Amino acid sequence: MEKLKELFENLIFDENESGEPVLTKIIFGGLRKKSIPYKKVTIRPVMIGSQYKFQAEYFHTNKAFHENLTPDEAVELAMTLVIRDFKQVNAFTALEEIQVLASKPDNPKIMRKQAACCENRPDRILSHNREKKRIIPNGVPCDFLIRLGVMDENGNVVKKHYSKYRQINRYLEIVDDALEYLPKEDRPLRIIDFGCGKSYLTFALYYYLKILNNRNVEIVGLDLKEDVIELCSRIAEELNYEGLRFLMGDIADYTNDHADMVVTLHACDTATDYALINAVTWGAPVILSVPCCQHELFSQINEPVLNPMLKHGILKDRFTEILTDGLRALKLEEAGYKVSCVEFTSLEHTARNILIRAVKEPDAKMNKKARAEYEALKDLYKVNPTIDILNK
């Protein structure tokens with residue numbers, strides 16, 4: 001099966017120089033069993049928001065169904081379709097047409113030929129052909145990405161890690177937008193990353209600020225897992241990343257006198273709130289937070305008008321996430337921050353991909369309007385979130 005898996009990974013993860021998938025579409029046909037409910041399946045790249053997904057289209061006798069997938073999910077589906085449902089695959093890229101005959105999936109016959117129209121194929125146009133200039137370009141060796149296995153020694157992104165590569169660059173784009181709010185004086189920038197985990201983004205932050213922008217930095221990555229802290233500390237030492245430290249500790253108990261930027265990515269439930277509270281207390285001018293697992297308000301919400309909707313657990317869960325993040329954003333606005341919620345795709349391919357970006361001007365004042373809106377929203381749903389501690 002490895003031969004097929006390698007083929008699908010190459011088709012789905014390959015990109016051109018502008019960062020667009022080279023794949024046009026994959027068509028699965030030739031049913032193995034007549035009992036299979038659909039007659040044909042196609043997988044093609046589509047632009048959703050600011051990123052590429054892969055759309056699977058299932059063709060039934062008189063209707064079609066769609067689902068959007070991450071690259072890893074698309075590879076997994078392609079393998080399942082060949083092994084379980086279909087004997088033939090036709091794939092089209094900008095430069096090549098590939099046919100796979102897989103009566104025996106463990107010994108497929110793969111035939112290739114040059115595409116008839118190459119780059120001029122009309123179904124290659126997925127968006128307005130914006131050229132993507134990534135902060136860390138593919139093909140240029142980047143030490144921390146090589147050490148973490150995202151790039152090979154020549155600087156080429158490893159195909160199965162394209163998603164991580166895109167996410168790292170997306171994160172740095174958000175950091176770049178906030179750069180003007182960081183202090184300009186000649187002193188080390190103090191940055192704290194709560195719940196840093198394996199620290200792909202912590203290393204990326206150091207690389208962007210210290211190596212690409214020549215800023216003097218002191219970055220602390222904090223996490224509860226001892227093995228993770230030991231690994232990240234060893235990598236930082238091997239890369240000679242002076243000014244980057246990793247400590248084991250809890251967000252709620254961490255003490256500090258000030259910070260220029262506070263980052264919290266996927267800190268579970270109220271850990272996000274404590275990170276935001278600490279950030280405001282320290283007067284951090286930049287806060288970047290990707291919340292996760294907002295359970296606190298799930299059992300608190302009490303609004304009878306919404307009960308017909310919230311009786312469905314999945315809807316209540318999503319509503320709770322929106323309400324929790326909305327209240328957090330208002331509390332930050334009350335503290336004088338300019339807040340925006342932007343799309344951010346996590347390294348874990350989670351649906352929780354909202355990043356709260358808060359920046360503060362030096363002369364910013366408390367926002368009474370945001371405070372009133374916060375209190376009204378809290379009273380409407382009869383909730384008492386942990387973020388309420390902020391600005392008390």
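**Close-up views of a predicted model**

Cys232 is buried, with a relative accessible area of 0%. This residue opens our tour of the structure, which is a predicted model.

**View 1. Cys232 and Cys142, two buried cysteines.** Let us start with the sulfur atoms. Cys142 has a relative accessibility of 1%, so it counts as buried. The cysteine sulfur closest to that of Cys142 belongs to Cys232, and it lies 15 Å away, too far for a bond. A disulfide is a covalent bond between the sulfur atoms of two cysteines. Here the cut-off for calling one is 2.5 Å between the sulfurs, and with this rule the model has zero disulfides.

**View 2. Strands 9 and 10 run parallel.** Strand 9 covers residues 217-223, and strand 10 covers residues 244-248. Five bridges join the two strands. For a handy landmark, look for Asp223, which stands opposite Met248 of strand 10.

**View 3. A right-handed β-α-β unit.**

**View 4. A nonpolar patch on the surface.** Which residues form this patch? They are Met309, Ile314 and Leu315, and together they have about 260 Å² of accessible area. Leu315 sits in helix 9, which spans residues 313-334. With 38% relative accessibility, Leu315 counts as partly exposed, because that class lies between the limits of 20% and 50%.

How values were computed. Residues are numbered from 1 along each chain as its sequence is written. This is a predicted model: local features need pLDDT of at least 70, side-chain atom pairs count only at pLDDT 80 or more; totals for chains, interfaces and linings use all residues. Side-chain values use heavy atoms; hydrogens and water are left out. Two strands pair if DSSP finds at least two bridges between them. Helices (H or I, at least four residues) and strands (E, at least two) are DSSP runs, numbered from the N terminus. A crossover is right-handed if, with the strands pointing away from the viewer, the path from the first strand over the helix to the second runs clockwise. Patches are made of residues with over 30% relative accessible area and no salt bridge: like charges are joined within 9 Å, nonpolar side chains (Val, Leu, Ile, Met, Phe, Trp, Tyr) within 5 Å. Accessible areas come from the Shrake-Rupley method with a 1.4 Å probe; for residues, only the protein chains shown count as cover. A salt bridge is a side-chain nitrogen of Lys or Arg within 4 Å of a carboxyl oxygen of Asp or Glu. Buried means under 20% relative accessible area, exposed over 50%, partly exposed in between (1.4 Å probe, protein chains only).
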